[in-house]
Amino acid sequence: MVSKQAIEVESVQQVQTRGSRWCRVFSLGTVVAVIATGATGCGSNSSDSSTGPSSSDGPIKMAGIWDYTGADAEAGIVVAKAAKAKVAEVNASGGINDRKIDLTDQDDASDPAKGVLEYRKARDGGAELIMGLSYTPVATTQCELAQKDHVLAFSNASTATALTDPFKQYCYANTPTADINAQEIVKLLTSMGKKRIALVSQSDGYGEQTVSALEKAVEAAGGGMEIVTKQTIAADATDATSQIGRVKSSGADAVVIGVLTPAATALIKAAYQQRLDVPMVSFGGAFTPTTAKLVQTSAPIEFYLSSPGTCPQSQYGIKCGQDAMKALRAKPGSTDVPGFALLSYYATGALLSAMQQAKSPAPDDVIAALSAAAPYQNDFTPPIKYTDADHRGIHEQFFEGYKDGKLYFFGNDIAKNTYTP
Amino acid sequence: LSDVVPAIGSGLVDGMIIAMVAVSFTLIYNATGVVNFTNGQLMVLGGYLSWWLQVDVGLPFIPTVVIAVGISAFVGFLIDRVVIGPLRDSSLLVQVTGLIALASVMDGVFRKVFGAESRNLPAYLSLRSVVPGLNWSATDLVIIGVTLVVIAALMVVLYRTPTGSYMRAAADNPLAAGLVGVNPNRVAYGTWALGAAMASLAGVLILPRLLLSSSIGLTLTLLSFAAVVLGGFGSLIGAIVGGLLIGVVQAVVARQFEGGWEPLVSLVLMMVVLTARPSGLFRAAT
């Protein structure tokens, strides 16, 4: 039999034990928090290249460094899938001049530090060509390293202006860059008659370039358009109540957002919740199915999304935007995100096609071949063409427009809607 | 002030969810002495199950909630049985390490099974504001209502039923509770199942307002941990107040300052309160 007193004594001891235990728990929790915060984005999905440097008759070593995780995972995964599909296709048909491509599969976690680490691994494995470079902070860092090392850095889907402006001999970009995005955004807003623009950008390198690009484009356009408020939002924000609140207070008649999908989701939901009834126009970073589905379901605001499919329309004699996406959806193995996937697929095609004509897979020979190559024709983008002085493959930008939960617009002039349902 | 009111409204909704998860955290800690670092992952589990049941299977929302919460409760039971059970007599450090490892494994499993890309959970009710000023939507009202009901029901179970007495007895003194017929292992299983169910329910309710991804689990775990520490480890009332405080202060800071400071709020708040009151806002009481 245990007496009540004994139980009470035991309880006091238990409380005392719990007190010291609590201190340990707190210390431990703080350590966990610090480690976890520091470790965010450091998860790895990489597979090391286990072979040595390229030889003249062995496989051609290329590094694929992708945003499999982190803020840009949404687009990064499909960009990787599509590029790998193109490489597999070329390998299946004999490779580049009878040499197979040995493509590594590495995850930079949308984190510049991890991007540097993976770049170093790729270099140690003998790669002189790297693909991927999607998320602006990672892409610009890797491009700088590649420029120093004379390694060819080929971005399948980054909108980073800094990759190609100022010109860098060893860096290539394919997505319309932020400056092109901004000019087309201003063109679209002008066609809508909008003058007072609110800008919400992500608080990192990606967001900063959208701010600078839009400021320049607004200034260049003239016509009384002005940016009435500039807000920032964290890349992984889950709530944008305050940003949208400030936009409402500013009296803006349109909102431009320079963010990736997580922050775009928060902004769209907050805009819908707070009844911000002005059009929202997005730079290319938010072009994902998550964003497109959101404005067609839970938060049906008026939304214009910069599409990586640049809809070359009749001037290039191919189908436009959505039709091309539908027709080509199956090719890169993606049923959900044709935009960036298709762009990555065809950009990779342009690179590999030029490599067929290169004297060797050495970066300088590939660069010469890219400049000399005929424009790369495809069903989705304008012909991809690089020159000695310009390493941007595409120079145009169009938008998908959603209203009342439906896709209703494709183009860059509200009066000239080229969308065909 | 009119600018701050919507931020308070948004913060209260977030705070409610943090509070529910913090209560689940405290419940497990009080009953078993284990600090559950998988809470965020259990929320995410609820979210992914909800996605799968609604989008892939095509079930309506209510059956989805019941099934998702039920499966999560079973997962909670399994965590105690498979991971914590063998470590029952080990040090706290070993137990916490085991749970952190489990959280990491869960993240990996979510990524493999559901993919790394983010998803928008279908909204179960409109996200459009229906309460002027506070800007609460019908979804927000459901979150507030369900959280209050769940916490009230938990209090009733803990303080007005024999089951609650067993749980509190096992928490106060497992040895003595065992001597009077309470099976501490069964209490632990039940508590883990209940705690996991609550975390999962919180996930199912809040994630349609946010964005579902495997990586959000860590953030949610840290927020609920901060709420528990702030309120006073072991105090249910403290967990609720801590959760609400973090939610509101975070939203108001976001409103008053440029974006990017919110993640620091919970940590700074925790440090400030602990400097003044090292045991948190409320004393531990089971």
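Modeller: A residue is called buried under 20% relative accessible area and exposed over 50%, with partly exposed in between. Please bear in mind that this is a predicted model.

Colleague: Why is Phe77(B) called partly exposed?

Modeller: Its relative accessibility is 24%.

Colleague: Which class do Tyr48(B) and Phe110(B) fall into?

Modeller: Tyr48(B) has a relative accessible area of 0% and is therefore buried. Phe110(B), at 5%, is buried as well, because the limit for that class is under 20%.

Colleague: How many aromatic pairs does a search of the whole structure find?

Modeller: The search gives 18 aromatic pairs over all chains. One of them is formed by Tyr48(B) and Phe110(B), with 5.3 Å centre to centre and 40 degrees between the planes.

Colleague: Where in chain B do the two partners, Tyr48(B) and Phe110(B), lie?

Modeller: Tyr48(B) belongs to helix H2 (residues 39-57) and Phe110(B) to helix H4 (residues 92-114) of chain B. They are 62 residues apart, and the pair links distant parts of the chain.

Modeller: Phe77(B) and Tyr189(B) also form an aromatic pair, with 5.2 Å centre to centre and 75 degrees between the planes. The angle is over 60 degrees, and the pair is therefore edge-to-face. Phe77(B) is in helix H3 (residues 61-84) and Tyr189(B) in helix H8 (residues 184-206) of chain B, 112 residues apart.

Colleague: Which residues form one aromatic cluster?

Modeller: The cluster consists of Phe25(B), Tyr29(B), Phe37(B), Phe225(B) and Phe233(B).

Colleague: How do you know that the radius of gyration of chain B agrees with that of a compact globule?

Modeller: For 286 residues, a compact globule would have a value near 19 Å; chain B has 18 Å, so the two agree. Its C-alpha trace spans about 60 × 50 × 35 Å along the principal axes. Of its residues, 58% count as buried. Among contacts in chain B with a separation of 6 or more, 75% come from residues 24 or more positions apart. Chain B has 11 helices and 2 strands.

Colleague: Why is Lys86(A) called buried?

Modeller: Its relative accessible area is 11%; the class requires under 20%, so Lys86(A) is buried. Lys86(A) lies in helix H2 (residues 73-92) of chain A. Beyond its neighbours within four places in sequence, Lys86(A) is in contact with Tyr345(A), Thr348(A), Gly349(A), Leu352(A) and Tyr376(A).

Colleague: What makes S8 and S13 of chain A edge strands?

Modeller: Strand S8 (226-233) and strand S13 (406-411) each pair on one side only. They belong to an open sheet of 7 strands with mixed pairing, in the order S8-S7-S9-S10-S11-S12-S13. Strand S12 (residues 398-403) is joined to S13(A) by 5 bridges, and the two run antiparallel; within S13(A), Phe409(A) stands opposite Gly401(A).

Methods: Residues are numbered from 1 along each chain as its sequence is written. Chains are lettered from A and ligands numbered from 1 in the order in which they are written. This is a predicted model: local features need pLDDT of at least 70, side-chain atom pairs count only at pLDDT 80 or more; totals for chains, interfaces and linings use all residues. Side-chain values use heavy atoms; hydrogens and water are left out. Rings of Phe, Tyr and Trp (its six-membered ring) pair if their centres lie within 6.5 Å; planes under 30 degrees apart count as stacked, over 60 as edge-to-face and the rest as tilted. Helices (H or I, at least four residues) and strands (E, at least two) are DSSP runs, numbered from the N terminus. Buried means under 20% relative accessible area, exposed over 50%, partly exposed in between (1.4 Å probe, protein chains only). Two strands pair if DSSP finds at least two bridges between them. The radius of gyration is taken over C-alpha atoms; the globule rule is 2.2 Å times the number of residues to the power 0.38. Contact means heavy atoms within 4.5 Å.
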